[in-house]
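Dear colleague,

Please find the structure below, together with its sequence.

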Amino acid sequence: MQKILVTGGTGYIGSHTVVKLQEKGYDVIIVDNLSNSQIEVLDSIEAITMTTNGIENIVFSSSCTVYGQPDKLPVTEEAPIKPALSPYGNTKQMSEDIIRNTVNAVGNLNSIMLRYFNPIGAHESAKIGELPLGVPNNLIPFVTQTAIGIREQLKVFGDDYATPDGTPIRDYIHVMDLAGAHVVAVDRMLKKNMKKDLEIFNLGTGNGYSVLEVINSFEKMSGEKLNYKIVDRRPGDITEVWADTNFANNELGWKAEKGIDEMTLSAWKWELALAGK
Ligand code: UD1
């Protein structure tokens, strides 16, 4: 198949052109520095063009961000989708919609959408892990980069939330547990064990931890004292969310096994490995 290299392929014009090229049977390779686009566009492109490439099964990486601040906790897959508070959240909602519509419109197409809670940690070998570009937005890379000395101080975004210690609560899940869920989902599709042509599963542990609890776990497991201070809330942050894991446990047959201490320790080992320690 003729290969075409498309620079800026996740951008506005680029993404549309990629779809057209794929429809014409070209094998498209995208190069994009994401300076003005989102990587999730790839999922959307895939959602539009899979049918032409004979793809029958799509595992989509969605996010618990689609629930916004849920009315009821733990949050089940039945909970309503709330208006997105970030462009990232919006891409997840849009991609879910595109896949949902396409599955409805096209026979012979199945999708499992996996709604990730907060993936953290690294492979136990410490050879792969989270590698954010520039200043990390997410909690754990900021924690480990602060502890190793790359960042001076962690800012804890608010301690006046309606939670026991005032900091927001999330359902952190070890990235290897999360990875395992994809294998289970793919098996389920290939063995034709799906009950419907579109299934949605929450991927979390079912346990919520506050920011301060995560910091405590990190300090305990690493033996490092973390330099942090409480600052104002970050706009767009919700108070608390954790998963109802019953559907994933019982129907998908998958369960997260690693606890918060294992997560923070593996994240720390990865940061140490990056620093050559
Ligand atoms: C963020 C994204 C969310 C995405 C998820 C992916 C925002 C507003 N939300 O969610 O769309 O699905 O990442 O993992 O960007 N925190 C600090 N200091 C920091 C960084 C984070 O106190 O320097 C706190 C946050 O206020 C939050 C918690 O740590 O309470 C977790 O933050 P983060 O890792 O960014 O995840 P989410 O906000 O849940």
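E96 and R100 both belong to helix α3 (residues 87-105), where they stand 4 residues apart, about one turn of the helix. Helices here are DSSP runs of H or I with at least four residues, numbered from the N terminus. The model is a predicted one, in which local features need pLDDT of at least 70, side-chain atom pairs count only at pLDDT 80 or more, and totals for chains, interfaces and linings use all residues. Residues are numbered from 1 along each chain as its sequence is written, and side-chain values use heavy atoms, with hydrogens and water left out.

E96 and R100 are joined by a salt bridge, with 3.2 Å between the closest N and O atoms. The term denotes a side-chain nitrogen of Lys or Arg within 4 Å of a carboxyl oxygen of Asp or Glu. E96 is buried, at 2% relative accessibility, whereas R100 is partly exposed at 24%. Buried means under 20% relative accessible area, exposed over 50%, and partly exposed in between (1.4 Å probe, protein chains only).

Across the whole structure, the search finds 14 salt bridges. Among them, R234 pairs with D237 at 3.0 Å, N to O, and R234 is partly exposed, with 33% relative accessibility. Another links K258 and E262, whose closest N and O atoms are 3.5 Å apart. K258 counts as partly exposed at 25% relative accessibility, as does E262 with a relative accessible area of 41%.

Yours sincerely

Technical notes. Helix = DSSP H or I, 4+ residues; strand = E, 2+ residues; numbered from the N terminus.
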